[in-house]
Amino acid sequence: MLPHLHQPFHTWPPYAQATAWILAITLTLIICVALLTLWERKVIGWMQLRRGPNRVRILGLFPGLGQPFADVIKLLMKEVIVPQRSNKWLFRLAPLIALVPAFAAWAVIPLSPTVVVSQADAGLLYLLSLTSMGVYGIIIAGWATNSKYAFLGAMRSAAQMVAYEIAMGFALVGVLMATGSMNLGTIVRSQAGGPLTWNWFWLFPLLMVYFISGVAETNRAPFDVAEGESEIVAGFHVEYSGIAFALFFLAEYANMILISALTAVFFFGGWQGPLQGYPGLGQTFLGAPSFGWLLLKVFCLVFLFLWFRATFPRYRYDQIMRLGWKALIPVTLVWIGVEMLLAHWHVGPWSH
């Protein structure tokens with residue numbers, strides 16, 4: 001790629017452009033995750049009438065803005081303690097298994113009408129396979145430490161993730177039925193025309209199931225039994241410290257952004273604008289589809305993650321499993337049947 005740096009970007013070969021976008025997306029995600037930790041603490045502080053981080057500055061300005069970077073430096077300087085009787089290779093590998101899928105999934109997510117790393121026709125299957133990998137990181141982390149407490153915590157977290165992963169998969173089956181494609185760019189383009197043509201309108205129950213399952217899949221409140229194991233200390237990563245401990249939370253926050261982006265793509269039109277087609281707007285920012293609309297939708301959906309944590313009490317484990325198996329999965333199955341009837345009668349997205 002280096003010999004092409006002096007040339008205009010659009011003249012680079014496809015492999016060089018893809019590499020450049022991968023680097024740009026990865027670096028942007030890492031910075032966004034760092035700032036998301038600060039935003040979360042500020043939002044929860046605002047909701048609970050506290051100030052949040054306000055000490056660490058950058059260049060003497062913006063109180064609290066330097067807090068995420070101070071946290072990174074602190075975690076890098078802390079010792080990573082590996083238990084003596086653990087499987088040391090798997091113990092170090094588990095955080096990476098949890099983290100890599102959260103970044104690799106962005107390869108098929110269309111950021112704008114022209115920007116996407118891979119136009120894979122089986123992008124939906126690619127996402128399903130990657131999101132299934134996260135549970136392996138949790139199981140391996142709990143098993144490799146050779147601690148019964150960590151292993152039981154890993155089993156509880158894995159059972160929760162598997163239950164809600166099934167509901168998420170069925171919700172995506174409904175999206176596939178409505179759009180007729182597994183290519184994420186095609187899914188976004190099929191929703192062109194304004195808010196009432198987006199999938200949320202006809203697939204509202206599946207939207208609710210998908211987003212609730214996404215909150216549970218990322219082990220976020222009120223489904224954070226992994227972090228609240230016995231209300232004492234975290235479960236599967238109880239033996240982790242330093243940067244190895246931080247990688248699990250980096251994966252959690254990266255998955256929050258990923259779930260929000262996928263929700264926007266599948267149900268809210270992705271980079272499609274809500275004012276598209278209005279007279280007079282033409283190809284202005286308000287009228288044209290662009291990355292800005294996707295960013296705004298992701299921002300609002302991530303805010304819901306923070307709002308839930310500041311608002312809802314933690315569910316008991318039996319309540320979490322009952323919701324996943326006895327409520328969300330049946331809802332998806334029923335609505336897939338409703339979609340079948342809508343398709344038979346050519347209603348909504350099937351009228352074309």
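This is a predicted model: local features need pLDDT of at least 70, side-chain atom pairs count only at pLDDT 80 or more; totals for chains, interfaces and linings use all residues.
Residues are numbered from 1 along each chain as its sequence is written, and side-chain values use heavy atoms, without hydrogens and water.

**Exercise 1.** Describe the course and packing of H12.

Step 1. H12 covers residues 317-344. Helices are DSSP runs (H or I, at least four residues), numbered from the N terminus.
Step 2. Its 28 residues reach 40 Å from first to last C-alpha, close to the 40 Å expected. The expected span is 1.5 Å times one less than the number of residues.
Step 3. A kink of about 30° is centred on Leu-323. The bend is the angle between axes fitted to the seven residues ending there and the seven starting there.
Step 4. Buried residues (under 20% relative accessible area, 1.4 Å probe, protein chains only) include Ile-320, Gly-324, Leu-328 and Glu-339.
Step 5. The buried residues of H12 pack against H6 (148-179), H8 (199-202) and H9 (204-217); contact means heavy atoms within 4.5 Å.
Step 6. Just after H12, His-346 takes a positive phi of about 55°.

**Exercise 2.** Is Trp-46 buried or exposed?

Step 1. Trp-46 sits in helix H1 (residues 14-47).
Step 2. Its relative accessibility is 61%. The cut-off for exposed is over 50%.
Step 3. Trp-46 therefore counts as exposed.

Definitions and conventions:
Helices (H or I, at least four residues) and strands (E, at least two) are DSSP runs, numbered from the N terminus.
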